[in-house]
Amino acid sequence: MRLKISFILPTILWLAILSVFPLVYSIYVSLTDLSLLPIARTTFIGLQNYLRAFTDEYFLSSLRISGLFTAGALTIEFFLGLGGALLLYRRFCGRAVARTLTILPLIVTSVVIGLVWKILYNTQYGLINYISRELSLPVFPWLTSVQTVLISIIIVDVWQWTPLVILIILSGLESLPREPFESAHMDGASNIQIFYYLTLPMLRPVMLVALLIRFMDTIRIFDTIYVLTKGGPGGSTEVISLYIYRSVFRHLDVGYACALSWVTLAIIIFASQIFLRSILKSFR
Amino acid sequence: MTIKKSRLLSWSWNILTILLIGFFLFPLYWLLTTAFKKPAEAFSIPPKILFLPTLDNFFKVFYEGNFLFFFRNSFTICVSSSLIATFLGALCAYAFVRFTFKRKEDLAFWILSIRMLPPVATAVPLFILFTRLNLIDTHLGLMLLYVSWGLPFSVWMLRGFFEGIPASIEESAMIDGCGYFGTFTRISLPLVAPGLSATILLNLIFMWNEFLFALIFTQHNSPTLPILAASYVRGVMGVEWAEMCAAGTLAILPILVIGILSQKYFVRGLTMGAMKG
């Protein structure tokens with residue numbers, strides 16, 4: 001018995017100290033006005049931070065921006081991912097190489113991705129606008145205009161994470177049973193019919209898993225946006241993580257930042273529950 | 001379908017596939033080529049497609065940018081954290097698979113749920129804690145954090161692999177006199193070797209690319225490569241682009257290689273075992 005415990009003990013202890021304890025501590029801190037200013041005194045203020053969060057225009061704005069960003073990114077990644085998975089499912093010469101090349105965006109450091117796209121997006125010298133000018137297409141100030149910046153960062157996220165959606169749906173496609181498709185073919189169904197009435201419904205759980213995972217990741221996004229816009233022209237791309245980061249390291253308002261984190265977590269859990277219910281339902 | 005139509009369709013799919021791959025590759029291609037351009041050419045209108053490559057930027061990154069310092073930090077911290085997390089995670093995963101104890105599934109779910117948190121949530125209290133313990137800006141500090149990140153991931157990855165070992169093999173080992181730990185090290189671990197290496201490599205990739213914690217918890221002594229890459233953001237426009245791309249290329253090179261080697265397990269790793277790769 002003691003041996004059994006010793007197997008799991010290191011892990012549990014490590015996580016307890018470095019993950020659980022900080023969380024508990026942060027609940028306590030969120031009920032105070034703890035600040036990183038050396039001269040400040042900490043007083044217990046109860047739920048004041050939480051009440052403040054609900055009327056904080058910057059926090060609400062970050063919720064809205066995160067929501068828009070997530071909705072936009074998820075939609076594009078879903079359709080592009082589905083299409084990509086279907087394309088890479090076909091048998092063609094060089095398929096293995098194509099699949100390997102597709103996952104490269106997943107491996108590259110987020111910060112480096114942000115930097116490259118920053119170069120490409122540059123209004124005067126960037127490649128994107130250069131090509132647009134050459135082709136007489138409209139030129140946009142991608143990262144410096146409030147109208148276009150959100151789309152710009154969505155595109156970067158799409159570039160980086162669509163391969164994951166592709167991989168997930170691809171493995172789903174490859175684990176589908178053959179028989180339904182064979183019988184459908186023999187019954188004379190067209191390819192489009194097979195896709196719409198057979199493939200899609202059978203892929204539903206897989207697609208929901210992909211969406212759930214991407215949802216949890218886009219809500220928490222930090223790296224690329226920090227490098228690309230640091231919150232954007234006039235705070236127009238300040239997503240939740242960036243605002244919490246600003247609360248801690250600019251305003252030094254740690255108590256409030258902790259409260260914000262918990263509110264965010266509650267939102268994530270609530271939204272994930274909805275996703276999970278749909279996944280479980282489609283398994284029946 | 002007539003022959004012409006199906007061939008046309010087939011070609012359209014091929015073209016679309018090429019466009020897709022091109023879309024994913026192009027920024028990386030641009031990164032690589034810009035790294036070899038002279039600074040003036042990197043930032044010119046029109047952007048140069050043909051140019052004479054130069055290694056100047058790489059030299060600059062090494063000598064002036066102190067690349068090796070950041071690389072050494074990334075290497076030490078990530079490799080050790082990855083190994084520790086994988087090994088401790090293996091112990092834990094093995095226990096989940098072979099032993100029964102109270103509330104096992106609750107414990108497993110709790111370990112998984114840690115991943116759902118926004119990193120900022122744990123970063124803030126940990127920052128306060130680490131400041132008091134003088135762990136800010138140390139290798140040890142970041143290692144502690146990275147291991148605690150890698151543990152849930154390793155447990156869930158390896159759990160699937162251990163479940164693939166038939167219990168009978170281990171039972172015969174124990175009958176022959178190996179204790180629990182002996183069986184673990186001599187029989188079970190070698191049998192999940194591919195899973196172990198995949199977990200180590202995947203851990204390595206995620207830790208290598210990690211930015212937020214590195215940003216918060218390091219300053220002068222132990223900054224990692226992503227910090228070096230991000231430091232170029234503040235450079236005056238255009239002057240440092242070529243250098244920046246050289247730094248970026250070097251920063252991602254090691255894990256690109258590792259990633260390609262471990263791609264088989266990517267889906268499993270990135271979806272926490274929800275899908276088999």
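Does K230(A) count as buried, partly exposed or exposed, and with how many C-beta neighbours inside 10 Å? Here are some friendly notes on that residue and a few other places.

1. K230(A) counts as partly exposed, because it has 16 C-beta neighbours inside 10 Å, a number between the limits of 12 for exposed and 20 for buried. The residue sits in the loop between α11 (223–228) and α12 (240–249) of chain A. Its backbone deserves a look too: K230(A) is not a glycine, yet its phi is positive, at about 55 degrees.

2. Please keep in mind that this is a predicted model. For chain A the mean pLDDT is 86, and 98% of the residues reach 70 or more. Within chain A, helix α3 (residues 57–89) has the highest confidence, at 92, while helix α13 (residues 254–282) has the lowest, at a mean of 81.

3. You will find N134(B) in the loop between α6 (119–132) and α7 (139–163) of chain B. This residue counts as exposed, because it has 9 C-beta neighbours inside 10 Å and the limit for exposed is 12 or fewer.

4. Back in chain A, L115(A) belongs to helix α6 (residues 110–121). L115(A) is buried, because 26 other C-beta atoms lie within 10 Å and 20 or more are enough for that label.

5. How is chain B divided by its domain assignment? Domain 1 covers 3–55 and domain 2 covers 57–270. The centres of these two domains of chain B, taken over C-alpha atoms, are separated by 32 Å.

6. On it, ten residues of domain 1 meet eleven residues of domain 2. On the domain 1 side, the elements giving two or more residues are α1 (3–35) and α2 (39–42) of chain B. Of the elements there, α1(B) gives the most, with four residues.

Notes:
Residues are numbered from 1 along each chain as its sequence is written. Chains are lettered from A and ligands numbered from 1 in the order in which they are written. This is a predicted model: local features need pLDDT of at least 70, side-chain atom pairs count only at pLDDT 80 or more; totals for chains, interfaces and linings use all residues. pLDDT is the predictor's confidence in each residue, from 0 to 100. Domain bounds come from an automatic or database domain assignment. Two residues are in contact if their C-beta atoms, placed from the backbone, lie within 7 Å.
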